[in-house]
Amino acid sequence: MKQQVSKTGPTKGREHLHVTDRIKEHCGLFGIYGTPKAVKHTFYSLYSLQHRGEEGAGIAATDGNVIKDLRGMGQVGDALPRESLAQLTGHAAIGHVRYSTTGSSNITNVQPIMVQYARGQIAVAHNGNLVNAQALRSQLESRGSIFRTTTDSEIILHLLAQSCQPDWLDALANSLNEVKGAFSLVFITPNEVVGARDPHGFRPLLIGKLDNSYCLASESCAFDLIGAETVREVEPGEIVSLSRNGLASRRYAPPTRHARCIFELIYFARADSSLFGESVHLFRQRLGRRLAQEHPVNADFVVAVPHSATSAAMGYHRESGIPIEQGFIANTYMGRTFIQPFQGRRTEYVNIKLNAVPRVLKDKRVVVVDDSIVRGTTTKSKMQLLRKAGAKEIHLRISCPPHRHPCFYGIDFASCDELIANKVLPEKMAEYFEVDSVCYLSIEGLKACAESEPEGFCMACFDGKYPVNITEGTCKTSFEQTARQMITATSQQ
Ligand code: SF4
């Protein structure tokens, strides 16, 4: 019998007020089979993936007969309290940390999503966004499906449930061929843990090994924490099954153009992770080196915007020979998603999150390296902090090209007209930020920093070349909006 323990954490009844204009992460996945410590390893691994989502977390575990789950709002420590975790036991588990990209931030949408269907229990955790979700959901609903959540991830479970294939992995293969867009997935049944990746490989998913157990994770830092070794990536278009028979693999889709999200390497992933065949830290260092080659400037110090620009700033320093200094100090207790109890301005957010060091900056010429600019509002506040601390010249260097296009593959970007690169002319950018110069890395420079084939990356938010056609205009609350429209239409009849 399914037992579900759901709780709401400290954010219950309170709006998430995202006063930062940072790009929001998507989700983090973990799965492991074949160890009595499966729940413990999953719990700790979710901690190491916390940067990928802070709105909710969940674990589903099996003892071979029954799957039990625990899900909660907030960060891992709040969402999954120790006393409730004790109810989860077994030799296999999957886990998820969530930032909502489709569906509101509420407990119903926290994953893993667990259901009981004709084949028994199954739970799924998803990273990415399906671009044909609205059409599929309408079709499924017209055939009688009743959805529990407003996420696109649940669609995959309904496709699976309606499949006529006798073997569930054949049913899964067929289902995955119906969905389009970005998806890395982990499933758990009473007998196995299964991982799958979309044919373009937008989001990462790696296979690890810990003694005699296999595991799956969005980033290698999750393996490091539990002492597992990275074996390889789940290939785009591949399904892997972890069970008492070890690791089994099959393809469900023919090879096609890879489109790994370059922004995972620029910003999202933890610097100590390796994914897409790249060390994230070394990749970012190369971005910084290339930035120094493309946009040199005379300065006294290189200063990193903490923490995701630290590696790129190091690269700029190494290439230019300009000393690096800690001009900003970050308040590390806030996390990436700041929930502000009072209505406030973004400047207040920046002032709580960061402080500049006047004794370092006074009368100095500084090169500030940041990893990206979205709306530009917090960037302006950061530059004002430097100026207030006495910096004489400020030269802003961005370690990626300008963001001009929205992402439909699982990243919560601002819309086109909110992106600062579409609102302010390049020659007016320095004036807007009240600095002496602003320069971005070029697209060619970005491509040159990849050790693997640059054409195997998605760069659509920079160049507008979407690897999978976008036919639906979606936003993260599309399904809620559709439901509201239907209720309004019915009440007006
Ligand atoms: S559009 Fe940008 S953020 Fe989205 S998948 Fe492509 S590279 Fe990543």
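This is a predicted model: local features need pLDDT of at least 70, side-chain atom pairs count only at pLDDT 80 or more; totals for chains, interfaces and linings use all residues.
Trainee: Let's start with the rings. How many aromatic pairs are in the whole structure?

Mentor: A search of the whole structure gives 12 aromatic pairs. Take Phe263 and Tyr267 as one of them. Their ring centres are 5.8 Å apart. The planes meet at 40°, so this pair is tilted.

Trainee: Where do Phe263 and Tyr267 sit?

Mentor: In helix H8, which covers residues 262-268. Phe263 and Tyr267 are 4 residues apart there, so about one helical turn separates them.

Trainee: Buried or exposed, those two?

Mentor: Both Phe263 and Tyr267 are buried.

Trainee: And what about Phe276 and Phe457?

Mentor: Phe276 and Phe457 pair edge-to-face. The centres are 6.2 Å apart, with 70° between the planes.

Trainee: Which parts of the chain does that pair link?

Mentor: Distant ones. Phe276 is in the loop between strand S16 (274-275) and strand S17 (278-279). Phe457 is in strand S25, residues 457-458.

Trainee: What's the relative accessible area of Phe276?

Mentor: Phe276 comes out at 2%, so it counts as buried. Phe457 is buried as well, with a relative accessible area of 2%.

Trainee: What's the phi of Phe276?

Mentor: Positive, about 55°, although Phe276 is not a glycine. Most residues other than glycine have a negative phi.

Trainee: Where is Asp211, and what is its phi?

Mentor: Asp211 lies in the loop between strand S10 (206-210) and strand S11 (213-217). Its phi is positive, about 50°, and Asp211 is not a glycine either. Asp211 is exposed, with a relative accessible area of 66%.

Trainee: Back to rings. Which residues form a cluster through ring pairs?

Mentor: Phe202, Phe408, Tyr409 and Tyr466. Tyr409 also belongs to the residues around the ligand.

Trainee: Which other residues are around the ligand?

Mentor: Besides Tyr409, the list has Arg203, Cys261, Ile262, Phe263, Cys407, Ile411, Phe413, Cys458, Ala460 and Cys461. The elements giving two or more residues to this shell are H8 and helix H17 (460-463).

Trainee: How does the shell split by class?

Mentor: It has 10 nonpolar residues and 1 charged residue. No polar residues are in it.

Trainee: New topic. Which charged end sits over the ring of Phe147?

Mentor: That of Arg137, 4.2 Å from the ring centre. There is also Lys209, which lies over the face of Tyr214 at 5.2 Å from the ring centre.

Trainee: What is Thr149 in contact with, beyond its sequence neighbours?

Mentor: Leaving out neighbours within four places in sequence, Thr149 contacts Thr108, Asn109, Ile113, Arg137 and Glu154. Thr149 and Asn109 are 40 residues apart along the chain. Their C-alpha atoms are separated by 5.5 Å.

Trainee: Which polar contacts does the Thr149 side chain make?

Mentor: Among them is a 2.9 Å contact with the side chain of Thr151. Another, at 2.6 Å, joins the side chains of Thr149 and Glu154.

Trainee: Where is Thr149, and is it buried or exposed?

Mentor: Thr149 is in the loop between helix H4 (133-142) and helix H5 (153-162). It is buried, with a relative accessible area of 3%.

Trainee: Next, helix H6. What caps its N-terminal end?

Mentor: Asp167 does. A side-chain oxygen of Asp167 lies 3.0 Å from the backbone nitrogen of Leu169.

Trainee: Which residues of H6 are buried?

Mentor: H6 spans residues 168-178. Its buried residues are Trp168, Leu169, Ala171, Leu172, Ala173, Ser175 and Leu176.

Trainee: Last one, peptide bonds. Where is the bond from Gln111 to Pro112, and is it cis or trans?

Mentor: The bond from Gln111 to Pro112 is cis, with omega near 5°. Pro112 is in the loop between strand S5 (92-98) and strand S6 (113-117).

Trainee: And what joins Pro306 and His307?

Mentor: A cis peptide bond, with omega about -10°. His307 is in the loop between strand S18 (301-304) and helix H10 (310-320). Most peptide bonds are trans.

Terms used: Residues are numbered from 1 along each chain as its sequence is written. Side-chain values use heavy atoms; hydrogens and water are left out. Rings of Phe, Tyr and Trp (its six-membered ring) pair if their centres lie within 6.5 Å; planes under 30 degrees apart count as stacked, over 60 as edge-to-face and the rest as tilted. Buried means under 20% relative accessible area, exposed over 50%, partly exposed in between (1.4 Å probe, protein chains only). A charge sits over a ring if NZ of Lys or CZ of Arg is within 6 Å of the ring centre and within 35 degrees of the ring normal. A polar contact is a pair of N or O atoms within 3.5 Å; within protein, one must be able to donate a hydrogen and the other to accept it, and residues adjacent in sequence count only if both atoms are side-chain atoms. A residue is near a molecule or strand if one of its heavy atoms lies within 4 Å of it. Ala, Val, Leu, Ile, Met, Phe, Trp, Tyr, Cys and Pro count as nonpolar, Asp, Glu, Lys and Arg as charged, and the others, Gly among them, as polar. Contact means heavy atoms within 4.5 Å.
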